[in-house]
Amino acid sequence: FSSDKDFESALLKQGISLENYKKDLKEQLILIKLINREIKSSISVTDAELEEYYSLNKIFFSSPEEIRIGYIHIPVKTTEPVEIFNQAQNKIRDILLSFKKETSFSDIKRNYSGQTEVIISEDLGFIKKEELLQELDNTAFALREGEISDVISTPTGFYILKILERKEIEYIPFKDVKNMVKEIVFQEKSEKRVKEWIYELK
């Protein structure tokens with residue numbers, strides 16, 4: 001607001017007088033001071049409580065799990081004629097059999113060169129959970145490093161995945177997040193105590 005008059009005018013449009021606004025603001029400030037004096041000042045947080053919170057919520061203090069994958073893909077929609085759909089399904093199954101006999105991506109590329117319907121990505125790079133198609137995501141993150149998936153059917157066609165490398169979840173050390181944990185635990189205890197205090201007042 002450019003002036004006090006503009007502010008007062010805005011309050012009046014909402015059916016609030018400046019006097020009532022000041023009164024409500026004063027009461028809120030008094031309440032905040034009272035809560036700080038009666039409640040927050042009496043709350044303490046021990047190191048044992050912090051360590052327990054960290055242990056129970058460790059997943060929130062971590063870097064996400066990542067995997068590096070390659071894939072083979074044959075695009076085909078379920079709405080395609082049955083003959084075309086079955087051909088694609090049979091081909092991806094044949095590829096899977098070859099792939100599981102320790103055939104490399106390079107061999108698959110060579111064996112199916114010129115067949116544009118077979119799409120091969122030897123290394124998609126590192127990805128986080130939920131960055132893949134939903135049908136691929138759970139399967140991909142359940143595979144072990146070096147493992148090849150079975151044929152996965154999706155609305156866009158068939159896939160075979162191979163996990164090239166896995167970065168396990170890395171947890172941030174407690175000492176590095178201790179202050180953050182302390183703020184969280186203190187806030188939770190404060191909110192709980194305020195609710196109890198209000199209930200006692202009633």
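A salt bridge is a side-chain nitrogen of Lys or Arg within 4 Å of a carboxyl oxygen of Asp or Glu. By this rule the structure holds 13 salt bridges. The model is predicted, so local features need pLDDT of at least 70 and side-chain atom pairs count only at pLDDT 80 or more, while totals for chains, interfaces and linings use all residues. Residues are numbered from 1 along each chain as its sequence is written, and side-chain values use heavy atoms, with hydrogens and water left out.

One of the salt bridges joins the side chains of Glu49 and Lys189, at 3.1 Å from N to O. Glu49 lies in helix α3 (residues 47-56) and Lys189 in helix α7 (residues 174-201), so this pair ties together parts that are 140 residues apart in sequence. Helices (H or I, at least four residues) and strands (E, at least two) are DSSP runs, numbered from the N terminus. Glu49 is partly exposed, with a relative accessible area of 27%. Here buried means under 20% relative accessible area, exposed over 50%, and partly exposed in between (1.4 Å probe, protein chains only).

Another salt bridge pairs Lys91 with Glu117, whose closest N and O atoms are 2.6 Å apart. Lys91 belongs to helix α4 and Glu117 to the loop between α5 (105-111) and β3 (119-121), 26 residues apart. Within helix α5, Arg110 and Asp107 are 3 residues apart, a separation of about one helical turn. Their side chains meet in a salt bridge of 2.5 Å, N to O. Arg110 counts as exposed at 54% relative accessibility, whereas Asp107 is partly exposed at 23%.

Salt bridges also link Arg68, Asp123 and Glu165 in a network.

Next come the aromatic rings. Rings of Phe, Tyr and Trp (its six-membered ring) pair if their centres lie within 6.5 Å; planes under 30 degrees apart count as stacked, over 60 as edge-to-face and the rest as tilted. The whole structure has 5 aromatic pairs. In one of them, the centres of Phe85 and Phe158 are 5.3 Å apart and the planes stand at 55°, so the pair is tilted. Phe85 is in helix α4 (residues 82-99) and Phe158 in strand β6 (residues 157-167), 73 residues apart. Both Phe85 and Phe158 are buried. Tyr54, Phe61 and Phe174 form one aromatic cluster.

Finally, consider the backbone. Most residues other than glycine have a negative phi. Glu130, although not a glycine, has a positive phi of about 75°. Glu130 is in the loop between β4 (126-128) and α6 (134-142) and counts as exposed, at 70% relative accessibility.
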